[in-house]
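Hi,

Here is the structure I promised to pass on. Please open it and keep it beside you while you read my notes below.

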Amino acid sequence: MILIKGGTVIGPTGAIPADVLVVGEQVSAVFAPGQGPAEGDFETIDATGKYVIPGAVDAHTHMELPFGGTFASDTFDTGTRAAAWGGTTTIIDFAVQRTGEVVQDGLAAWHGKADGNCHVDYAFHMILGGVDDESLKAMDTLVTDEGITSFKLFMAYPGVFYSDDGQILRAMQKARDNGAMIMMHAENGPAIDVLVKQALERGETDPIHHGLTRPEALEAEATSRAIWLAGVAADCPLYIVHLSASKALEQVAAARDLGRNVFAETCPQYLYLTLEDQLGAPGFEGAKWVCSTPLRSKHGTHRADLWQGLRTNDLSVVSTDHCPFCFKDQKELGVGDFSKIPNGIGSVEHRVDLLYQGVVDGKLSLARWVETIATTPARMFGLYPRKGIIAPGSDADIVLYDPAARTRIGVETHHMNMDHSAWEGYEIAGKVDTVMSRGRVIVSGGAYHGAKGHGQFVRRGLSDYLI
Ligand code: DUC
Ligand code: ZN
Ligand code: ZN
């Protein structure tokens, strides 16, 4: 039994001074300050001056993803350990079915990678790289038997993960019937491929051309098309992943104003980083920030609009899309051809801090911080109330956050398996102090006390947000 005393508990409805009693792996009770059991034969954690928040839920990660001719550089071991350091106590990773593969085989392969290797709890979405009669049937099986209730489709990457509109519609109709969520990579891939080819023919090979060949219009168009297709599928639940651009956000906001089952996430990189300042860094340096959707221009209103979208709930969730690649030998695959740079940024360790900086900067309330990084992802993907909240009966995944301490991000101190940081030198006016996963303190006093294998697979139910 552990009593967390003297802190301020933050939930989606606000902040309350409270003590939290943990018994075994779960929260047992939340008390008014000092009303809990008298000190005795149990451990007490002094949370004076700290925020006590639910362990964060990162609903979008890619450990060991085979992509761009290589593999994402974090394993489930290194990636979930880094997540733990940063206050994330649950990840939802993407198992992969490629065209021609059996969905259940792809899922088994992902269980094989993760089983026994995770430091924090984990769940899976399923990428469908081939929508056909078999994979549509498998969607039902995954929902009913496997605790996998969300499926990612790609409107980008023809020949790799791409689904055409007919395939998308069929998967959406299936999701409408079985209650699953369709997660959409909304970029017009065939049009992007034309722009990429033309750019390379002109000799435009630097990383910034990754962004210039994936213009906002092609994200907005695909977002709008996905929303229309979901409407044709009787308002199938639709979640737009890694939304980066103002005009894409406008499409989501308009659909939500009509009461549609349309949701979206953004990622820290789109809230802070830009096409010019990072992707356009001199020489090949910009490769560190090649991700899709791409970073957007600082001359637009993208970043301000995304922060506003988080406040208005047109953006419900902040995930990382953690897809790390080392610079050496991995990003370098694209020297002389930006289209061969593996797409992805690693941030699984930094999302709690980066979004807390939004609180410090007056862009988010404390409650909205917790909601977007923990409570809503848990509710969106069927993990609530086990995850995402500090309440009696929920898993004791708890973070003590110290608003008086500071974090400086960089490759020397991070725990992700990357030889660089997309966030090098970023300073946060706050710090993850203590992290508990299912009742076990895994980070405290600047030291790591967790273990590979502590993290368990969590079966998910359907989204809380559907009507
Ligand atoms: N989409 C993702 O969600 N992650 C990595 C690359 C991509 O295109
Ligand atoms: Zn994607
Ligand atoms: Zn992703």
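**The zinc sites**

The zinc ion (ligand 2) has three protein donors: K152 (NZ), H185 (ND1) and H242 (NE2), at 2.1 to 2.2 Å from it. Bear in mind that this is a predicted model. Along the chain, the donors of ligand 2 follow the spacing K-x32-H-x56-H. K152 sits in strand β11 (residues 150-154). H242 sits in the loop between β13 (238-240) and α8 (246-257). The pair K152 and H242 therefore ties together parts that are 90 residues apart in sequence. Are K152 and H242 buried or exposed? Both K152 and H242 are buried.

Now look at the other zinc ion, ligand 3. Its protein donors are H60 (NE2), H62 (NE2) and D321 (OD), lying 1.9 to 2.1 Å from the ion. The spacing of the donors of ligand 3 is H-x1-H-x258-D. H60 has a relative accessible area of 0%. H62 has a relative accessible area of 4%. The cut-off for buried is under 20%, so H60 counts as buried, and so does H62.

How far apart are the zinc ion (ligand 3) and the zinc ion (ligand 2)? The two ions are 4.4 Å apart.

**The pockets**

Next, the empty space. Rolling a probe the size of a water molecule over the atoms shows where such space is left.

The largest pocket holds about 530 Å³ of space. It is lined by 24 residues, and the closest to its centre are F67, Y157, V160, S339 and N343. Which helix gives the largest share of this lining? It is α5, with four residues. Helix α5 spans residues 189-201, and strand β7 (66-67) also supplies at least two residues of the lining. Sorted by class, the lining of the largest pocket has 13 nonpolar, seven polar and four charged residues.

The second largest pocket has a volume of about 370 Å³. Its lining has 21 residues, with W85, T407, H415, K431 and V432 the closest to its centre. Strand β19 (431-437) supplies at least two lining residues, and so does strand β17 (407-408). Of the elements here, β19 gives the most to the lining, with three residues. What classes of residue line the second largest pocket? There are five nonpolar, nine polar and seven charged residues.

Last, go to strand β1 (residues 2-11). It runs antiparallel to strand β2 (residues 14-23), and eight bridges join the two. I4 stands opposite V20 in β2. Strands β1 and β2 form a hairpin, with two residues between them.

Strand β2 also pairs with strand β3 (residues 26-31). These two run antiparallel as well, joined by five bridges. V22 has V27 in β3 as its bridge partner. Again there is a hairpin with two residues between the strands β2 and β3. Find G24 in that turn: its phi is positive, at about 65°.

**Where to look first**

Start with K152, H185 and H242 around ligand 2. Move on to H60, H62 and D321 around ligand 3. Then find F67 and Y157, which are among the residues closest to the centre of the largest pocket. Finish at the hairpin of β1 and β2.

Best wishes

Conventions
Residues are numbered from 1 along each chain as its sequence is written. Chains are lettered from A and ligands numbered from 1 in the order in which they are written. This is a predicted model: local features need pLDDT of at least 70, side-chain atom pairs count only at pLDDT 80 or more; totals for chains, interfaces and linings use all residues. Side-chain values use heavy atoms; hydrogens and water are left out. On a 1 Å grid over the protein atoms alone, a cavity is a set of points where a 1.4 Å probe fits but cannot get out, and a pocket is an open set with protein on both sides within 12 Å along at least five of seven lines; lining residues have an atom within 4 Å of a point. Grid points are joined across faces, edges and corners, and a volume is the space filled by probe spheres set on the points. Ala, Val, Leu, Ile, Met, Phe, Trp, Tyr, Cys and Pro count as nonpolar, Asp, Glu, Lys and Arg as charged, and the others, Gly among them, as polar. Two strands pair if DSSP finds at least two bridges between them. Donors are N, O and S atoms within 2.8 Å of the metal (3.2 Å for Na, K and Ca); water is not among the atoms, so sites may look incomplete. Buried means under 20% relative accessible area, exposed over 50%, partly exposed in between (1.4 Å probe, protein chains only).
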